[in-house]
Amino acid sequence: MNDVTSIDRTQRPYSAAAQAFLARKPALFINNEWVASSHDQLLEVEDPSSGKVIGHVVDASDRDVDRAVAAARIAFDDGRWSGLPPMTRERTMIRLADLIEANADEFAELEAIDNGKPKGMAGAVDVPGAVSHIRFMAGWASKISGEVIPPYTMPAGQVFGYTVREPVGVCAQIVPWNFPLLMACLKIAPALAAGCTVVLKPAEQTSLTALRLADLIAEAGFPAGVVNVITGNGHTAGDRMVKHPDVDKIAFTGSTEIGKLINRNATDTLKHVTLELGGKSPVVILPDVDVAQAAPGAAGAIFFNSGQVCVAGSRLYAHRSIFDQVIEGVAATAPFWAPRASLDPDAHMGPLVSKEQFDRVMGYIEAGKRDGASVAVGGDAAPAAGGYYVNPTVLVDVNPQMSVVREEIFGPVVVAQRFDDLDEVAREANNTCYGLGAGVWTRDVAAMHRLAGKIKAGTVWGNCHAVIDTALPFGGYKESGVGREQGRQGIEAYLETKTVIIQM
């Protein structure tokens, strides 16, 4: 395991089920049917572990998007989903979760092939997470309610006032390439529990598991038009969805740059918008920690999923008294995180998702070196006959003006800095346009709470990082997003509040 120079990064053979799925004719899922596109434009499906093209998906046209939105619009307006008993909606969602779980191995393999993440990780994190999101939100279908409110300015009994919560309508949902299945289920689950209908567009780089999910949506018994899945480029199909007059809400996870563009475009029709965007999350290690635990924790915060995580702990702040020990400890994990092919059973980290992402990450590493950063470990590409492998990288001797410190790299690259006191590190942690997540490692409960209160981030973790649970709301401060997903707040994002006042 420690001899990383001898790693064979040749991708393993695909299963018969994966090969059969890849051989399917490219199509779109509209009205519970697999339909051909209105044109013949296709996108290549690439395995980032090998760099080879392994299939194709439809690059949806404007007409394709219009057809999917029309199906969702009709399905919402006639109440075929929202008008069902909440118990029926809940049971249908639970059936979908059960079907995903029954096909967990296939989903994990398709995710590994398409995204590059290790199959073992997809099986342990992505697929169970997707199932949990659906099951949790299914329970909310029967718990959406309004309230009776006595009026303030009128005598008792003069009017009867109450509120009801109603589904917002047709939802355009655009998900990223780093957790394709998990994000797809995180998006559709609250929308479906609320009674909305959906047009889902997976990232153009990673569409396979969303398409396989569509099979199970039909099998689970969702009425036609309730969930539609289209594939295509963000700047064409995604843009058409965002601007479509029959779309009532947009939910997007991805870069801050694209999120800002979506938010601007949505203002023309004042669509409801939920945005979960970028991050440059700090990890703060106080001097009282057990470095033997904290250093591997900090390493996992950045190297998990090849650093392609919105809350990746990409800025490491270790107290001056233990800084060298922490860096040595993080560097010592490099063999564990050495990238391997996604179907390698020994893999803990895979390749980056694409050549574009590989070039981006390597560009940042080279920029950091030019700006004066020193490489404590990594800083290079891992040797391979094909694929997009970057070694886990730790940069030291950095300063806040460097691009590697300021900007989201979205790769296995952490920049490490020293600090002396809590006020100083809180200022540095907040010295960013982002505010998605932060981690604090300490045995001092008071210090933990002090930093949790000072750091401007949607989630602050203590002695862990990137622990996500569907019952707990998730989202960002500042340029890391708008609104919250998960938990009660997650389903409320798909509801309108109506007030009814009746004179007695």
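Student: Let's start with helix H16. Which residues are buried in H16?
Tutor: Ala-447, Met-448 and Leu-451 are the buried ones in H16, which covers residues 445-454. Keep in mind that this is a predicted model.

Student: Okay, how do those buried residues fall when I look down the axis of H16?
Tutor: They fall within an arc of 105°, so they line one face of the helix.

Student: And what does the face turned away from the buried side carry?
Tutor: That face of H16 has the exposed residues Val-445, His-449 and Gly-453.

Student: Switching to salt bridges. How many does the structure hold?
Tutor: There are 28 salt bridges in the structure. As background, side chains of opposite charge can pair when their charged atoms come close.

Student: Give me one. Which residue does Arg-73 meet in a salt bridge?
Tutor: Asp-248, with 2.9 Å from N to O. Arg-73 lies in helix H2 (residues 62-77) and Asp-248 in the loop between H8 and S9, so this pair ties together parts that are 175 residues apart in sequence.

Student: Is Arg-73 buried or exposed?
Tutor: Arg-73 counts as buried because its relative accessibility is 15%, and the cut-off for buried is under 20%. Asp-248 has 22% relative accessibility, so Asp-248 counts as partly exposed.

Student: What else does Arg-73 touch?
Tutor: Leaving out residues up to four places away in sequence, Arg-73 touches Val-170 and Asp-246, along with Asp-248.

Student: Where does Glu-366 come in, and which residue does it meet in a salt bridge?
Tutor: The side chain of Glu-366 meets that of Lys-369, at 3.3 Å from N to O. Both residues lie in helix H13 (residues 355-370), three residues apart, which is about one turn of the helix.

Student: How far apart are the closest N and O atoms of Arg-80 and Asp-78?
Tutor: They are 2.6 Å apart, and the two residues form a salt bridge. Arg-80 is partly exposed at 28% relative accessibility, and Asp-78 is partly exposed with a relative accessible area of 45%.

Student: Which residues are linked in a network of salt bridges?
Tutor: Arg-24, Glu-106, Arg-212 and Asp-215 are linked that way.

Student: New topic, strands. In what sense do S3 and S4 pair?
Tutor: Antiparallel, over six bridges, with S3 at residues 42-47 and S4 at residues 52-58. Asp-47 stands opposite Lys-52 in S4.

Student: What goes on in the hairpin of S3 and S4?
Tutor: Four residues sit between the strands, and Gly-51 takes a positive phi near 80°.

Student: Which residue has a positive phi of about 60° although it is not a glycine?
Tutor: That's Asn-31. Asn-31 lies in the loop between strand S1 (28-30) and strand S2 (33-35), and Asn-31 is partly exposed, with a relative accessible area of 33%.

Student: And what about the phi of Lys-478?
Tutor: Lys-478 has a positive phi of about 50°, and again this residue is not a glycine. Look for Lys-478 in the loop between S17 and strand S18 (481-482). Lys-478 is partly exposed, at a relative accessible area of 39%.

Student: Last thing, the surface. Which residues make the nonpolar patch?
Tutor: Val-148, Phe-160, Ile-502 and Met-504 make a nonpolar surface patch of about 400 Å².

Student: Where's Ile-502?
Tutor: In strand S19, residues 495-503. Ile-502 counts as partly exposed, at 38% relative accessibility.

Technical notes: Residues are numbered from 1 along each chain as its sequence is written. This is a predicted model: local features need pLDDT of at least 70, side-chain atom pairs count only at pLDDT 80 or more; totals for chains, interfaces and linings use all residues. Side-chain values use heavy atoms; hydrogens and water are left out. Two strands pair if DSSP finds at least two bridges between them. Helices (H or I, at least four residues) and strands (E, at least two) are DSSP runs, numbered from the N terminus. Patches are made of residues with over 30% relative accessible area and no salt bridge: like charges are joined within 9 Å, nonpolar side chains (Val, Leu, Ile, Met, Phe, Trp, Tyr) within 5 Å. Accessible areas come from the Shrake-Rupley method with a 1.4 Å probe; for residues, only the protein chains shown count as cover. A salt bridge is a side-chain nitrogen of Lys or Arg within 4 Å of a carboxyl oxygen of Asp or Glu. Buried means under 20% relative accessible area, exposed over 50%, partly exposed in between (1.4 Å probe, protein chains only). The arc is that of the directions from the helix axis to the C-beta atoms. Contact means heavy atoms within 4.5 Å.
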